[in-house]
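Let's take a friendly walk through this structure, one group of side chains at a time. Have the 3D view open as you read.

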Amino acid sequence: MSNASRTLRAEAGAQPGPGAGDAVPWAALSTVMIGMFMAILDSFIVVVAGPAIQTDLKVTASQLQWVLAGYQLSYAVLLITGGRLADLYGRKRVFVIGTAVFTLSSVACAMAGGPGMLIGARIVQGLGAALMVPQVFAVITLTVSASNRHRVFGVLGVVLGMASVSGQLIGGLLIGANLFGSDWRSVFWVNVPVGIVTILLALRYVPESRAERTRKLDVPGVLVLSAALLLLTYPLIQGRDAGWPWWTWACFAGSAVAFALFVVLERTVDRRGGEPLIKLSLFAQRSFSLGIVLVLAVYALLYSYYLALSVSMQDGLGMSALGSGLVYTPAAVTFFVFSLIAGRLVPTYGRRVLEAGAVVLAAGYLTTAVVLLSGPRLTPLLIIPTLMLQSVGGGLLITPLLNTVLARIDPRSAGMASGSLSTAQQVGGALGVAVVGAVFFHSFQTGAASGDKVHAAGRAFALTSLTTFAIAALAALLVFLLPKAPATKA
């Protein structure tokens, strides 16, 4: 790729230029995918470090929850804004700034001397992730020809899935290695060299692009949407520990009002010829609207299920962070293999690959529940095969899902669409922690009061598996409603 092409200013709605031909700019794509891997990984890697953080910093249960939730909150609330800012000011520029913010805040997390500093640094880290992630989808849409996008989205699906399923394994390995006596802090220190390298690679390989016409940011839309998401996610994360008091329901009601106001504002801006934060016409496309709900469901499963499994292994069975992380190794390898297989099958079999993956994923959760409820006490060897079955389904579903959702999106809406999709991931995670987490923790804490933590963990994890099966079954139904053949653009 020439220096001129690296500084290309993409026209709104333009496809990759003639000079690109069918070549895929893997150097640029790999760079932005590293940023996405870090951002998604940090939603999961801290789960396995939670007990060590709580012991070292003497944090309360509520403070530990904020260490986990603060990142997701700022990430979810600002993702769409991150995509829109990049449309206005340049995707390369915003990606580099976001990576720098993410890296510096990782340093602050690693050096935190108390819960307040750690929580604050995690919130800033979420801001950096919100600036990085939307640029991945936009760069793919603007630099890769339509005929090659299924290959690239296949690779991106592998990256997303591996970041989701390997977080606890990587976290366990890092904590177990205890490099330079860093203990849990190593899960943040690891971001620093990776972040620096990513910035250098982005400056060298990622092309600059922005919308053809520079428009002002939809500030009222940003504020109202941020308030709506905050009012939704805050009580979902805090409500269970607080006992679901009146203010949680008031927040939900306020969120509904804010979302309605946002719709009115965006329609008004669009009708007056302005540039809304989100074009509501995107949701008129069945592949996109169903895809958003699918992403909500899938990430509600992933984050909450791995949180329940980590607590079951460490608090229930008394395993170390490293031992808990190693339980995920067979499942992570299985996911990687079937993600690659999915990438090869989708061009020939299309939606049927997603259908098979969704059915197998749901069957994996149901099998786990049946095995645990049939009598045996929870052990790693008992559930590793069912975790692998879940990974077979997850690999076949998650990898092609992105291409299915974004295939019909015009490049001029890339920032909006990718921001919406990424926001759905984090909001889905918060929903999952609220619903699935409430089921798990209520059962585990009630059972553990009797003194048999192993039995309590087994029963709680079985009930969690039943709950996730119900969500996975809904996701499977939505997959069967997706368009059979994604549209291709010339």
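## A buried glutamine

Gln-125 is buried, because its relative accessible area is 0% (buried means under 20% relative accessible area, exposed over 50%, and partly exposed in between, using a 1.4 Å probe and protein chains only). You will find Gln-125 in helix 5, residues 115-143; helices here are DSSP runs of H or I with at least four residues, while strands are runs of E with at least two, numbered from the N terminus.

The side chain of Gln-125 makes a polar contact of 2.9 Å with the side chain of Asp-42. Such a contact is a pair of N or O atoms within 3.5 Å; within protein, one must be able to donate a hydrogen and the other to accept it, and residues adjacent in sequence count only if both atoms are side-chain atoms. Leaving aside residues up to four places away in sequence, Gln-125 also touches others, including Tyr-71, Phe-102, Cys-109 and Asn-191 (contact means heavy atoms within 4.5 Å).

## About the model

This is a predicted model, in which local features need pLDDT of at least 70 and side-chain atom pairs count only at pLDDT 80 or more, whereas totals for chains, interfaces and linings use all residues. Residues are numbered from 1 along each chain as its sequence is written, and side-chain values use heavy atoms, with hydrogens and water left out.

## Nonpolar cores

The largest nonpolar core has 125 residues, and the members touching the most others are Ile-53, Tyr-75, Leu-118, Ile-140 and Leu-156. Helix 11 (residues 286-316) supplies the largest share of this core, 18 residues. A second, separate core of 15 residues includes Val-77, Leu-229, Leu-232 and Ile-278. A core of this kind is a set of buried Ala, Val, Leu, Ile, Met, Phe, Trp, Tyr and Cys residues joined through side-chain atoms within 4.5 Å.

## An aromatic cluster

There are 11 aromatic pairs in the structure. Rings of Phe, Tyr and Trp (its six-membered ring) pair if their centres lie within 6.5 Å; planes under 30 degrees apart count as stacked, over 60 as edge-to-face and the rest as tilted. Phe-44 and Tyr-306 are edge-to-face, because their ring centres are 6.5 Å apart and their planes meet at 70°. This pair links distant parts of the chain, with Phe-44 in helix 2 (residues 26-57) and Tyr-306 in helix 11, 262 residues apart.

Tyr-306 also pairs edge-to-face with Tyr-328, at 5.5 Å centre to centre and 85° between the planes. Both Tyr-306 and Tyr-328 are buried. Together, Phe-44, Tyr-306 and Tyr-328 form one aromatic cluster.

## Salt bridges

How many salt bridges are there by this rule? The count is 4, where a salt bridge is a side-chain nitrogen of Lys or Arg within 4 Å of a carboxyl oxygen of Asp or Glu. One joins Asp-56 and Arg-185, whose closest N and O atoms are 3.5 Å apart. Asp-56 sits in helix 2 and Arg-185 in the loop between helix 6 (149-177) and helix 7 (186-189), 129 residues apart.

Another salt bridge joins Glu-355 and Arg-351, at 2.6 Å from N to O. These residues are 4 residues apart in helix 14 (residues 351-373), so about one helical turn separates Glu-355 and Arg-351. Both Glu-355 and Arg-351 are buried. In the salt bridge of Asp-452 with Arg-377, the closest N and O atoms are 3.3 Å apart. Asp-452 is partly exposed, at 29% relative accessibility, and Arg-377 is partly exposed, at 47%.
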